[in-house]
Amino acid sequence: MDAEFLIVGAGIAGAGLAYRLAPKGQVVILDMEAQAGYHTTGRSAAFYAETYGGPKLQPLTTASKAFFRAPPAGFTEVPLQGPLGAIHIFRPDQRAEADAALEDMKALPAVKELPADVVRARAPYLLGTEIAGGIDDPDCSNLDVAALHQGYLKAAKAHGAKVLLEAGIESARHEDGIWHVKTRTGDLTARVLINCAGAWGDDIAVRAGVRPVGLQPLRRTIVTIPNPKGLPFDRHGPVVIDVGEAFYFKPEGEGYLISPADETPSAPTDAQPEMEDIAIAVDHFERTSGATVDRLDSKWAGLRTFAPDRAPVIGFAPDQPAFFWNVGQGGYGIQTSPAWSLLAASLILGEPLPAELVAHGVKSAIYDPARFA
Ligand SMILES: Cc1cc2nc3c(=O)[nH]c(=O)nc-3n(C[C@H](O)[C@H](O)[C@H](O)COP(=O)(O)OP(=O)(O)OC[C@H]3O[C@@H](n4cnc5c(N)ncnc54)[C@H](O)[C@@H]3O)c2cc1C
């Protein structure tokens, strides 16, 4: 047999799981692209916020913090995490949304409400909008996504994992307890087939004769801009997130990374930014800052893929016990990946839930794909 664990997709989901499983059995990771991380993993805003994603994601995010702060020796030569901070701002008409968000974040002791004058002092460029207050998330941080992704792959390879690029999976057939998998570059056999294909998660299921769960990729756009002339700028300032998630602005280099937090349904594809979404991002920044944006530095889009209930899908397929779902990372696949991969690996190996996950309230049942059966 070529692999004990055949992982489809070499983004952060596949790389993280390869890292966890490689010491336990032969791992092969397949990706259809020439570069691992070409799709959503390479297109994120690269921040970590326990306040982002709601109560079903928060335990996985919180349980990942220790790994980001102190990764295992030799995992990376650069820090995975840098200081950032986040403030979820709200206008007077968003009071009810702020209260609901505070309720969702009540498990986080460092999170507290800020009065408007403190928000303005910490983000002095918010000159064009009325602000009623903010929700402070001091533990929000920048992540080095490339270092994390490469760290996972490097450590997995050191344990014998093989990474096969430009090896798109075409079909998979389960016979006599073994998967027979056809790829663009050859055939493989494996004991467990693990679906880490992001936006293509349902497509992989269909190719393997497994019932899809109803994943929906949603396009999100990012634009980077220089700081408009005359606008106060603090490169160490917090990411500012609208409490209703209509936009976010993150200091980046000499300007901002801005997003209209768009969620446009898309087929699985190589997502590209649309002019309309770029214009909406710029409009949010101009209205909130009161300044004029006269240039864009760069723009891109990626697909955030959600299950119908927007919660992760982690577990064996109810209709095919040798097929493991590891999808539905949505907009949180980087910040949750240390704990998410640990949870997935423990389920694949049939081990009890690791104590470090239990301690943060992670419960595997809420992610079980059987909920869609
Ligand atoms: C604009 C934007 C901002 C974001 N910001 C953040 C953030 O700040 N923090 C955070 O935690 N998350 C963020 N995210 C979300 C995060 O990027 C994703 O949750 C994560 O990257 C998903 O990883 P993945 O491995 O599941 O998917 P992907 O990286 O897309 O990997 C899936 C892989 O499967 C491969 N594949 C598909 N079909 C096949 C096939 N038939 N055969 C072989 N391989 C196949 C693809 O080529 C791809 O490489 C953001 C996302 C976007 C788009």
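This is a predicted model: local features need pLDDT of at least 70, side-chain atom pairs count only at pLDDT 80 or more; totals for chains, interfaces and linings use all residues.
Reader: How far apart are the centres of domain 1 and domain 2, and how many residues does the contact take from each?

Author: Taken over C-alpha atoms, the centres of domain 1 and domain 2 are separated by 29 Å. On the side of domain 1 that touches domain 2, the classes are 8 nonpolar, 12 polar and 3 charged residues. The contact itself draws on 23 residues from domain 1 and 22 residues from domain 2.

Reader: Which element supplies the largest share of the shell around the ligand?

Author: The residues around the ligand number 39, and those that come nearest are G9, G11, G198, G302 and G333. By class, this shell holds 19 nonpolar, 15 polar and 5 charged residues. At least two shell residues are supplied by each of α1 (12–21), β13 (216–226) and β18 (298–306), and the largest share, 3 residues, belongs to α1.

Reader: Why does the span of helix α6 agree with what its 14 residues should give?

Author: Helix α6 covers residues 145–158, and at 1.5 Å a residue its 14 residues should span 20 Å. The two agree because the end C-alpha atoms of α6 are also found to be apart by 20 Å.

Reader: Which residues of α6 are buried, and what covers them?

Author: The buried residues of α6 are V145, L148, H149, G151, Y152, L153, A155 and A156. After the helix comes G160, with a positive phi near 95°. The cover over the buried residues of α6 includes α1, β2 (27–30), β8 (141–143), β9 (162–164) and α9 (337–349).

Reader: In the open sheet of 3 strands, what is the order, and which are the edge strands?

Author: The pairing in this open sheet is antiparallel, and the order of its 3 strands is β3-β8-β4. Strands that pair on one side only are the edge strands, and here these are β3 (47–48) and β4 (81–83).

Reader: How many bridges join β4 to β8, and which residue in β8 is the bridge partner of P83?

Author: Strands of a sheet pair through backbone hydrogen bonds, in either a parallel or an antiparallel way. β4 and β8 run antiparallel and are joined by 3 bridges. For P83, the bridge partner in β8 is S141.

Definitions and conventions: Residues are numbered from 1 along each chain as its sequence is written. A residue is near a molecule or strand if its C-beta atom, placed from the backbone, lies within 6 Å of it. Helices (H or I, at least four residues) and strands (E, at least two) are DSSP runs, numbered from the N terminus. Ala, Val, Leu, Ile, Met, Phe, Trp, Tyr, Cys and Pro count as nonpolar, Asp, Glu, Lys and Arg as charged, and the others, Gly among them, as polar. The expected span of a helix is 1.5 Å times one less than its number of residues. A residue is buried if 20 or more other C-beta atoms lie within 10 Å of its own, exposed if 12 or fewer, and partly exposed in between; C-beta atoms are placed from the backbone. Two residues are in contact if their C-beta atoms, placed from the backbone, lie within 7 Å. Two strands pair if DSSP finds at least two bridges between them. Domain bounds come from an automatic or database domain assignment.
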